Amino acid sequence: SIVNVQICTEHDDVLLTASGGQCIRFPVSDVRVFQGRTSMGVRGIALAEGDTLISLSILRHVEASSDERTAYLKMRRAVAGEGTADEPVDTDGEDSSGAIQQLSTERYAAMSAEEQVVLTVSVNGYGKRTSSYEYRTTGRGGKGIVAMSVNNRNGKLVASFPVEDSDQIMLVTDKGQLIRCPVEGIRVAGRSTQGVIVFDTAEDEHVVSVEHIGDDGENGENGNGG
């Protein structure tokens, strides 16, 4: 079945996220333009047995090396008071020479202007925000990298999409409960972390839908459509 449809350009990236906790980011240009609407399409992510895709998001493509992204993330944490520039960054096996120890002020400002933040929420009500620079760009069709830790505490993922600090989200559970909250209160953390409680669900209750509400009060286009 179709999960989502988004408008994009060849200067964008596709971010696909699965309920099992994996995600993959690849250039839009990796998906060729088909002749007709009824075409079968090509594989975006190789899903594990029993896993399902939960979201499609479009991210701005930014040309930055692994070293630059690592240096930026370290500096960002230090600037935001979330750690120090010496703290390690989870590169998930990505090759990084470590040659760049410090970004120039101009380069840091340029990368900051292009940064996006991806919100990820699990069925047990846990969530986190993660810098788009933690999602490295690869080729399509692979197994991907960790988007968020999936375990007994978190449960599987239910939503993942870009948000702004001024946005709000509305979460709805299978018991008919809902909550609306600002995303600014959800901490920014690494991809493989567990997240924090966004919706304190009951033991047999699960989040089934997360709706993105922009700062103008209108529903965003990046929700999971549940």
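Here are a few exercises on this predicted model, each with a worked solution.

Some ground rules before we start. Residue numbers run from 1 along each chain as its sequence is written, and side-chain values use heavy atoms, with hydrogens and water left out. Because the model is predicted, local features need pLDDT of at least 70 and side-chain atom pairs count only at pLDDT 80 or more, while totals for chains, interfaces and linings use all residues.

**Exercise 1. Work out how many helices and strands the protein has, and their order.**

Step 1: pick out the DSSP runs, numbered from the N terminus (helices are H or I with at least four residues, strands are E with at least two). That gives two helices and eleven strands.
Step 2: read along the sequence, and you get β-β-β-α-α-β-β-β-β-β-β-β-β.

**Exercise 2. Find what share of the residues is buried, and what share of the contacts joins residues at least 24 apart.**

Step 1: sort residues by relative accessible area with a 1.4 Å probe, protein chains only (buried is under 20%, exposed over 50%, partly exposed in between). Of the 226 residues, 46% come out buried.
Step 2: take contacts (heavy atoms within 4.5 Å). Among those between residues at least 6 apart in sequence, 72% join residues at least 24 apart.

**Exercise 3. Say where the salt bridge partners aspartate 13 and arginine 25 sit, and whether they are buried or exposed.**

Step 1: apply the rule for a salt bridge (a side-chain nitrogen of Lys or Arg within 4 Å of a carboxyl oxygen of Asp or Glu). The count for the protein is seven, and aspartate 13 with arginine 25 is one of them, at 3.0 Å, N to O.
Step 2: Aspartate 13 is in strand E1 (residues 12-18) and arginine 25 in strand E2 (residues 22-27), twelve residues apart.
Step 3: check the cover. Both residues are buried.

**Exercise 4. Explain why the arginine 129–aspartate 165 pair ties together separate parts of the sequence.**

Step 1: the two side chains meet in a salt bridge at 2.8 Å, N to O.
Step 2: arginine 129 lies in strand E5 (residues 126-131), and aspartate 165 in the loop between strand E7 (157-163) and strand E8 (168-173), so the pair ties together parts 36 residues apart in sequence.
Step 3: arginine 129 is buried at 7% relative accessibility, whereas aspartate 165 is partly exposed at 44%.
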